[in-house]
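Please look at the sequence and the model below before reading on.

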Amino acid sequence: MAVKSISPDILDRLKQTAPEISFVEQTQISCDGGNGALGHPRVFYTIGDEGYVECQYCDRAFVYAPRQGLPA
Ligand SMILES: [Zn+2]
């Protein structure tokens with residue numbers, strides 16, 4: 001049931017493709033796209049085995065990074 005940490009390869013890809021990466025300490029997250037015109041309806045995601053999710057609306061990435069922060 002433990003969520004794996006994101007692999008460095010995937011993190012590198014997200015840094016190329018995601019407009020923003022949020023590092024979170026919980027696996028249940030929501031996204032509303034941020035402020036103003038860039039927003040979208042609030043959606044909820046659960047981070048699974050891959051250790052991250054990408055918002056289907058705004059492509060923002062949420063990376064599961066408990067305590068130790070960024071993976072090496
Ligand atoms: Zn979003």
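Which residue in E5 is the bridge partner of Ser22? The partner is Phe62.

The model is predicted: local features need pLDDT of at least 70 and side-chain atom pairs count only at pLDDT 80 or more, while totals for chains, interfaces and linings use all residues. Residue numbers start from 1 along each chain as its sequence is written.

Three elements make up an open, mixed sheet, in the order E1-E5-E4. At its edges are E1 (21-24) and E4 (52-54), each pairing on one side only. On average, neighbouring strands of the sheet are turned by 15 degrees against each other, direction ignored. Such axes are lines fitted to C-alpha atoms (for helices over the stretch in contact), and angles run from 0 to 180 degrees between N-to-C directions. Strands are DSSP runs of E with at least two residues, numbered from the N terminus; two of them pair if DSSP finds at least two bridges between them.

| Strand pair | Sense | Bridges |
|---|---|---|
| E1 and E5 | parallel | 4 bridges |
| E4 and E5 | antiparallel | 3 bridges |

Strand E5 covers residues 61-64. E4 and E5 form a hairpin with 6 residues between them. In that turn, Asp59 has a positive phi of about 70 degrees.

Both faces of E5 are covered, with Ala61 and Val63 buried on one side and Phe62 and Tyr64 buried on the other. Buried here means that 20 or more other C-beta atoms lie within 10 Å of the residue's own, with C-beta atoms placed from the backbone.

Technical notes. Buried ≥ 20, exposed ≤ 12 C-beta atoms within 10 Å, placed from the backbone.
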